[in-house]
Amino acid sequence: MHHQDIAVDVVLDIYQRILRIRRFEEAVGLLFRQGQLPGFVHLYIGEEAVAAGVCAALTDEDTIISTHRGHGHVIAKGGDIKRMMAELFGKATGYCKGKGGSMHIADFDIGMLGAIGIVGGGLPIAVGAGLSAWYSNSNRVSVCFFGDGAANEGSFHESLNLASTLALPVIFVCENNQYGEFTPAQNAMNITDIADRAAGYGIPGLVADGADAFEIYRVTAAAVERARAGAGPTLIEAKTHRRGGHAEGEEAFLAGQTYRDEAETAEAQAKDPLLLLHNYVSENKILPANQLETLDSNITQAVAEAVEAARNSPDPALESLFEDLWL
Amino acid sequence: MARKTYVAAIQEALAEEMRRDPRVFLMGEDVRIGVFPSTRGLHAEFGGKRVIDTPISELAVAGAGIGAAVNGLRPIVDLMFGTFLYLAFDQIANQAGAMRFMYGGQTNVPLVLMAQNGAGSSAGHHHSQAVHQFFMNMPQIKVIMPSTPTDGKGLLKSAIRDDNPVLFLHSLSLGGKRSDVPENEYLIPIGEADIKRAGSDVTICTVGPTVYTALGAAKTLSREGIEAEVIDLRSLSPWDKGAVLDSVAKTGRFVAVDESFPSCSAASEWAATVAEAVFSQLKAPVQRVTNKDVPMPFSPALEKAVLPGEADVIAAVHKTMAYS
């Protein structure tokens, strides 16, 4: 892990994005365990360096598409944690006025074109976002986040091929967190690296360390440059780990059974992206310890305020069911 | 006015809208060559960026249409056969129709999906099913299925200008049909039925190619002294309940003719609506005439037997006339 080629303000920017995701997700996990959140939540803890590294390499005009595990992507793209938290509570003040929920947060104003709850469902839409940039001769790049599970969906293959044949400015970011729900990724495919599949579509496929935000930033920046130059899409496979389960409260589904490999759990702990980056920033004296603490407490405070605001927000009015329909 | 074929009318609608609005483009498998001739010639005029040949990837192409639509373009995605829409189901059912609502009104999806729907060319089960009823069941997908060149042109132009996802279903069996198409620009609003034949004794409600079946049956019935009113819904979602209920209020008899498999057919929805809304004005139970409940066969003799035919419509009307 090194940042020689990355400006200090970018390092700090990435650090803040990771920290904001972590504190938000910790709060969400707690709220879920306390029974305060409806529905399911899929936390991004352990994978933060991917969203942060990727989004730090994008402009505000570039767009992203996300997954059921999407909170981190929204925050990394610059989303408002107050509106996110309110959406998780199903409140009228949420990003989607309580009609979307955890798996369907979007912020079109910042190029966050939506989280998609269907595994693999976002890839074709991201191709369309890239197509619109190509069509309009825009510099915009479209990024699609998806997991290892989505790489086994037909939509993955159709989308990579379509983006490749039209040389569209799309970056496919596969977050391989080692499990599709409870099934190890290695049991669901007969290859080690999903990135190898890129060759089948005539595009570059790269493996990157998902715990190293600098490496993610670097490979994304190169893919962005390639896309803007009209050279077409790239597949980036970020090897990552989720610290928690597939979904919070998954014990209920597991009924006493286990699925995590102990060595993988230990690796996930050792390769915690926040821990690694925190150590790096401290050891390299990029920011003094007291400033790091202030940063953390400011973010923690902002998250607490978001929770409070969400809790005190009104439920959506029933009339809103008949709003946001056909124009 | 000039008499034009259905295919020519669709071609005109596409070309006119592409000339009018640079955000409108067409993509799909072989749209350049034009397997169905309605897209033929557009590539020569508009080029490869606006008439985009794609791989055979219905799911990705439909989804790419959505992605382009939410980014300000107005894509027309040609998926060729209605049955191929099954391959794109996720993008249509989970994404296109829901996005605007699901994201709290932050976006809208001005997308047109085109496909040929239903039987008539003896192509077997995979190329002959009518699929419109599935999409009527999906919230916020508009579905149009015009039966004449005039309606086809006016409705397709409205669909392209619509700010919501619209499924435009045409039929190979209607490709050569001719009608008077106005020279001047015109639009036909989505959701408005057309009474193709006025009558006082029974209301026959239908859509697409079976409009001609119903009209044929009405002609025979007229010779018996039964005057059928034939309503061509033209749009299936939203559909013109008002026109149907007004007609039934007048005739007191209702026959729904629909090229769907019987369970949860479009006809089921129309019949239920009529039975709920104007029960006291009905002189006889509502009747449905649909496909037989079997997969689509290949043999022309068998295919004809599966589809609603004039004799089936006449028999259904006779049933309603038995109550008087």
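User: In this predicted model, how many disulfides are counted over all chains?

Analyst: A disulfide is a covalent bond between the sulfur atoms of two cysteines. To be counted in this predicted model, a pair of cysteine sulfur atoms has to lie within 2.5 Å. Cys96(A) is in no disulfide, since the nearest cysteine sulfur, that of Cys55(A), is 17 Å away, and Cys144(A) is likewise in none, with the sulfur of Cys174(A) as its nearest at 9.9 Å. Over all chains the count comes to 0 disulfides.

User: Is Cys144(A) buried or exposed?

Analyst: A residue counts as buried when its relative accessible area is under 20%. Because Cys144(A) has a relative accessibility of 0%, the class that applies to Cys144(A) is buried.

User: How much area do chain A and chain B bury between them?

Analyst: The size of an interface is often given as the accessible area lost when the parts come together. Here 43 residues of chain A are in contact with 45 residues of chain B. In chain A, the residues that lose the most area to chain B are Tyr135(A), Trp326(A) and Leu327(A), which together make up 25% of what that side buries. Of the area buried between the two chains, 66% is on carbon and sulfur atoms, and the total is about 3500 Å².

User: At what angle do the axes of helix 1 and helix 11 of chain A cross?

Analyst: Helix 1 of chain A covers residues 8–33 and helix 11 of chain A covers residues 273–283, and their axes come within 10 Å. Among the residues that meet there are Val11(A), Ile14(A) and Tyr15(A) from helix 1, together with Leu274(A), Leu277(A) and His278(A) from helix 11. By class, this contact has 9 nonpolar, 1 polar and 2 charged residues. The crossing is left-handed, and its angle is roughly 145 degrees.

User: How many of the residues of helix 4 of chain A are buried?

Analyst: Helix 4 of chain A takes in residues 81–88 and is mostly covered. What covers its buried residues includes helix 1, helix 3 and helix 12 of chain A. The buried residues are Ile81(A), Met84(A), Met85(A), Ala86(A), Glu87(A) and Leu88(A), which gives a count of 6 of its 8 residues.

User: How far apart in space are Thr203(B) and Ala311(B)?

Analyst: Thr203(B) is found in strand 10 of chain B, which runs over residues 202–206, and with a relative accessibility of 0% it counts as buried. Leaving aside neighbours within four places in sequence, the residues in contact with Thr203(B) include Glu229(B), Ile231(B) and Phe254(B). Along the sequence Thr203(B) and Ala311(B) are 108 residues apart, while from C-alpha to C-alpha the distance is 16 Å.

User: Which element of chain B holds Met80(B)?

Analyst: Met80(B) has a positive phi of about 75 degrees, although it is not a glycine. With a relative accessible area of 10%, Met80(B) is buried. The element that holds Met80(B) spans residues 74–81 of chain B and is strand 4.

User: Where in chain B is Gln140(B) placed?

Analyst: Gln140(B) is a residue other than glycine, and its phi is positive, near 70 degrees. At 16% relative accessibility, Gln140(B) counts as buried. Its place is the loop between helix 7 and strand 6 of chain B.

Methods
Residues numbered from 1 in each chain as written. Chains lettered and ligands numbered in written order. Predicted model: local features only at pLDDT ≥ 70, side-chain atom pairs only at ≥ 80, totals over all residues. Heavy atoms only, no water. Axes fitted to C-alpha atoms, helices over the stretch in contact; angles between N-to-C directions. Helix = DSSP H or I, 4+ residues; strand = E, 2+ residues; numbered from the N terminus. Left-handed = near helix turned anticlockwise from the far one by under 90°. Contact = heavy atoms within 4.5 Å. Nonpolar A, V, L, I, M, F, W, Y, C, P; charged D, E, K, R; others polar. Buried < 20%, exposed > 50% of the residue type's maximum accessible area, 1.4 Å probe, protein only. Buried area = accessible area lost by both parts, 1.4 Å probe.
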